[in-house]
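Let's work through this one with a few exercises. Try each task by eye before reading its solution.

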Amino acid sequence: MDLTILWYIVPSVIMFCAGVYGFCTRKNMIALLISLELMLNSADLNFIVFNRFLFPGTMDGMVFTLFAIAIAAAETAVAIAIIINIYREIGNTDITSVKQMKF
Amino acid sequence: MDSVANIILYFVVALCIAIFSVLTVTSRKILRAATYLLFVLIGTAVFYFQLGYQFLGAVQIAVYAGGIMVLFVFSIVLTRRPDDVAPLLDSHRRCLGICVSVAGAVLLLLAFFFMPLLDGMSLTQCLESGKEINMDTIGNAFLGSGRFQYLLPFEAVSVLLLACIIGGVTVARKR
C-alpha cells in the first residue's frame, strides 16, 4: 500500500470542514477564532503536501507555510486584543451582542 | 511501497486529527475546545515531520502549540469562567452549519478525486527524489535576494510583527 497525495488531503479536508461548521454555528468570539485556526492549519497542511508530492525538489510550499504561520500568530494576537477590549466594554464575548465596532 | 511504520503512523495521526477537529467545534466547554485544538496542531506537526520538513514541524510546535495556544488559554481565562458551558445550539443554526460543511467536504473530495494526481508517487519515492532541506538551505533561502530567495517577505513579516505588537498593546490597554 502506498501513501499517495490523496491520503494526506483527506484529513486536511475534514479539518477544514470542521472549521467551517464551527465558524457557522459558534457564537463565542474565541470559539470563532479557534475554528479559524483549524481552517488556516488545513491550508498550511495542503501547502506542504502539494510541495512534497508534486514538486519534491523545491521548498516554496514550506516557505509559504512559514509565512502563513507567522501571519496567523499576528492575526490571533490582534484579534484577542480586540476581544478583550470588547469584553471590557460589554461584559461578554458573544458575537451577537456586538452591534457596532465603534465604542 | 511505503514502510509499515509510516502507514501505521499515518493512520494514527489522521484518525487523531479527524476526531479532535470535530470535537473542537462540537465541544460546549471552550477550554476543552482549545485543548482539542492543541491536539490537532500537534498531529499536523507530526505530519510535517513525517513528510520530511523537520524545521517546519519544530516551528509549528513552537509557534502554534506554544505561543498561540497560550494566548487562547489566557484570553479564555480572562473573559469567562472555565466551567461555563455554551448554550445549546438552535436547530436552525446547526442545520445550516452541517449543510455548509458537508456540501463543502463533498465538493472538495470530488474535486480531489477527479484531479489527475492519483497516479502520483508514494511518500518514500518523494522523500528519496527530493533533496534534503537542512538549515543551511533554509537560511540561504530566507536571507538571499536572488531567484527563489525570500529576503523581502522576511523583512515584511518582521515589520508586520512589530505593527502587530504595537496594535495589540494599543487596542488592549486600559483607557
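**Exercise 1. Find the largest nonpolar core and say which residues have the most contacts inside it.**

Step 1: The largest nonpolar core has 58 residues. A nonpolar core here is a set of buried Ala, Val, Leu, Ile, Met, Phe, Trp, Tyr and Cys residues joined through C-beta atoms within 7 Å. A residue is buried if 20 or more other C-beta atoms lie within 10 Å of its own, exposed if 12 or fewer, and partly exposed in between, with the C-beta atoms placed from the backbone.

Step 2: The residues with the most contacts inside this core are A:Ile30, A:Ile34, A:Ile48, B:Ala34, B:Leu37, B:Val40 and B:Phe72.

Step 3: Now for the elements. Those giving two or more residues to the core are helix H1 (5–25), helix H2 (29–54) and helix H3 (60–90) of chain A, plus H1, H2, H3 and H5 of chain B. The largest share, 12 residues, comes from H1(A). Helices (H or I, at least four residues) and strands (E, at least two) are DSSP runs, numbered from the N terminus.

A word on reading the model: residues are numbered from 1 along each chain as its sequence is written, and chains are lettered from A and ligands from 1 in the order in which they are written. This is a predicted model, where local features need pLDDT of at least 70, side-chain atom pairs count only at pLDDT 80 or more, and totals for chains, interfaces and linings use all residues.

**Exercise 2. How many helices and strands does each chain have?**

Step 1: Chain A comes to 3 helices and 0 strands, in the pattern α-α-α.

**Exercise 3. Set each chain's radius of gyration beside that of a compact globule.**

Step 1: The radius is taken over C-alpha atoms, and the globule rule is 2.2 Å times the number of residues to the power 0.38.

Step 2: For the 103 residues of chain A the rule gives a value near 13 Å, but the chain has 17 Å. Its C-alpha trace spans about 55 × 25 × 15 Å along the principal axes.

Step 3: For the 175 residues of chain B the rule gives a value near 16 Å, but the chain has 21 Å. Its C-alpha atoms fill a box of roughly 50 × 40 × 30 Å.

Step 4: As for burial, 50% of the residues in chain A are buried, and in chain B 21% are.

**Exercise 4. Describe the side of chain B that touches chain A.**

Step 1: The contact takes 74 residues from chain B and 56 residues from chain A. Two residues are in contact if their C-beta atoms, placed from the backbone, lie within 7 Å.

Step 2: On chain B, helices H1 (4–26), H2 (30–50), H3 (54–79), H4 (91–113), H5 (123–129) and H7 (151–172) each supply at least two residues. H3(B) gives the largest share, 13 residues.

Step 3: That side divides into 51 nonpolar, 18 polar and 5 charged residues. Ala, Val, Leu, Ile, Met, Phe, Trp, Tyr, Cys and Pro count as nonpolar, Asp, Glu, Lys and Arg as charged, and the others, Gly among them, as polar.

**Exercise 5. Is B:Ile30 buried or exposed?**

Step 1: B:Ile30 lies in helix H2 of chain B.

Step 2: B:Ile30 counts as buried because it has 24 C-beta neighbours inside 10 Å.

Step 3: Not counting residues up to four places away in sequence, B:Ile30 touches A:Asn28, A:Ile30, A:Ala31, B:Ile76 and B:Ala86.

**Exercise 6. Which backbone angle stands out at B:Phe148?**

Step 1: B:Phe148 lies in the loop between helix H6 (135–143) and H7 of chain B.

Step 2: B:Phe148 has a positive phi of about 60°, although it is not a glycine.

Step 3: With 10 other C-beta atoms within 10 Å, B:Phe148 is exposed.

**Exercise 7. What confidence does the predictor give?**

Step 1: Chain B has a mean pLDDT of 87, and 95% of its residues reach 70 or more. pLDDT is the predictor's confidence in each residue, from 0 to 100.

Step 2: The complex gets an ipTM of 0.91 and a pTM of 0.90.
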